[in-house]
Amino acid sequence: MNQGASAPSTAFGPRERGVKFRLSFAPIERWLEAERDQLPLWLPVMLGLGIAGWFILPERASWIALIAAALGLSLAGVAIGSGRRAGVALLVAGLAIASGCALVWAKAEWVAAPVIQRPMIASFDADVAQVQQLVAKDSVRVALRPIAAPKLPPKLRVTIANADAPVGLARGDRLRLRARLVPPMPASLPGGYDFAVTAWFQQLGATGKAFAPVQRLSAAPDGGSLRDRIGRHTRESIAPGAAGIAVALVTGDQGSVSETDADAMRRSGLAHLLSVSGLHITAAVGAAMLLTLRLLALSPKLALRWPLTLIAAGAGAVTGIGYTLLSGAEIPTIRSCIAALLVLGGLAIGREALTLRLVATGALIVLLFWPEALIGPSFQLSFAAVVAIIALHEHPRMRAFTAAREEGVLYRLARNAAALLLSGIAVELLLAPIALFHFHREGLYGAVANIFAIPLTTFVVMPLEVLALLLDLVGLGAPFWWATGKAIALLLWIAHSAGNTPGAVALLPGMSRGAFSLLVAGGLWVCLWRTRWRWLGVLPFAAGAGLAFATPAPDLLVTGDGRHLGLRGADGSYALLRPKAKDFVRDMLAEAAGIDEGLADLDDLPGASCTTDTCRATISRDGRSWTILATRSAYLAPIKAMNRACAEADIAISDRRLPRSCKPKWLKLDKPMLSRTGGIVVRFGDPASVLVTKRTGDAHPWIDPPSLAGRSEAP
């Protein structure tokens, strides 16, 4: 033994460090190995995370930073190694996030189109690109492409009163009209619907209202699109009360549904029936497959020698694609059609088709072609509903409960009803945060109402309507239209009964993006994993729900133009500045306030005093009084009186520029200020908080869109 040898080093050698590194990842590797079949489901989620990041972050530097951070995550995966699932997962996740951000950024730049900068009146000729009836407003909405009008955007949308519209107006007509046009409207209040974003991706440069007369220069040679012709024929063939629902089920055009019926469908949780999506595509494809199989199976020779299942799947695919095109090819319909085609492909090759991988594939395809769909409630609601249903039915206990067995008819019906109810509850649980975030309301009885409404729509209303349309080719559809009307009347009775029941609607004045993100993350974590670690998703879901319900109701709502405000009184009710405000404004403010009843007039609010030109109101919150001064006419008040009123007020609000000498104690919300902030939500308290619609430095292209060189007429 060499006594002079040095003592061995206690430091980890290269191999020892590698062992420690591997051991530290062992639990994660074991977990990812157990979840290996679920890992692909997160690919569209990561792609969507990148897309959402682009919409949420305000400026180009932050978008580049997001892409760089995502690529850094991929490099971390490379450092961990491609031989480990954790390394591959980080590599793919980082690339998907970076791709999502870059994809939607590129799409937003690619669809750039000129937008008018201010209201204007213009006379022009245009081709009709799309027609939508608006029964509730007794008008028709048309998308137009102006002809030889360089001072107008290439695409715009106007509303024409039915009395002024040419009879039988259809796509392909050429019109001569005069209209007042305005830029696409941004959100009027924080968290409200931002039409400017939708218009940007649809390349709409203006919206407006046409003046009489509207002249048709030429008519479409074929009488318009097949969708328009079917819609007109349906409205003429069925009772007026049921016509709107019937048109929506066939063509996807919801403009013919009356506002009363549309509100009842929303309150009862049945509004999804009006949007052509999974239920409708499934019914159409299933009916086509069943009919094809039954007809071909009548021949023993065909039944024995031909691949009838494959032929039926082909017939179902053609039917699904045709229905998608007929109904306008909206995002939910396209998503459902893609899913149906994947299901048919799975059936054709003998694979299990209805899986979460199918849903993930459909989501991935939609996001790759229409990344902007991610932020819309339609995409979120449709995919969340399907994920909830499949995740529930993939659970071993639910599989055992719904498995076929020898039992009586009544037991089987009861078990199926119970499964449908459980599915409805799961869907409502996952859809509630989305509905509350976008619409500030959610129907609580949707799970029960859908038990009756879905079978009625799928197996009675839609087949009767299809038969009526087919038999009208030989003039025999009248009895089936009558039966369709009666079935739709029953559907509307269910909607009105469920929607008008006390406590049918949950209301929420507002939900922060942080709370919504926690709810979505928790829901996805629970639904997409299978091991016991999935239940960790309950923690962020509960945290998000707590944050959402802890958000206090707004005390003051001011629209971006300064014309309208809603002020919360001591009893929790809201009062409106202008008594003659339109229903649209009242509904918008009530929705943002999270209330279901109408708004009172500010004149009647205790502590308020109003004249024709101004209103002054004083309210108390947390032991402090707040005074609000608002103008409500175009007439100027004497400067000394105005200055004195401003000095006594905490907040001064006006839709015009207030004089510089007007100096309220806290906020001056006049036209110049609101043009920078957009609509405002104020919560009084200690301290008071202010939420604005516009963000400083926002570089999204619809904030400062490309303008036109001139205007047709002076505004």
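Reader: What counts as a helix or a strand here?

Author: Helices (H or I, at least four residues) and strands (E, at least two) are DSSP runs, numbered from the N terminus. In this predicted model, local features need pLDDT of at least 70, side-chain atom pairs count only at pLDDT 80 or more, and totals for chains, interfaces and linings use all residues. Residues are numbered from 1 along each chain as its sequence is written, and side-chain values use heavy atoms, with hydrogens and water left out. By that definition, the protein chain has 23 helices and 18 strands.

Reader: Why is the protein chain described as being as compact as a globular protein of its length?

Author: The radius of gyration is taken over C-alpha atoms, and the globule rule is 2.2 Å times the number of residues to the power 0.38. For 715 residues the rule gives 27 Å, and the radius of the protein chain is 29 Å, close to that value, so the chain is as compact as a globular protein of that length.

Reader: What share of the residues is buried?

Author: Buried means under 20% relative accessible area, found with a 1.4 Å probe and protein chains only. Of the 715 residues of the protein chain, 45% are buried.

Reader: Which strands does β4 pair with?

Author: Two strands pair if DSSP finds at least two bridges between them. Strand β4 (residues 174-182) is joined to β1 (residues 120-134) by eight bridges, and the two run antiparallel; here Met120 has Leu181 as its bridge partner. Eight bridges also link β4 to β5 (residues 207-218), again antiparallel, with Val182 opposite Thr207.

How values were computed. Buried means under 20% relative accessible area, exposed over 50%, partly exposed in between (1.4 Å probe, protein chains only).
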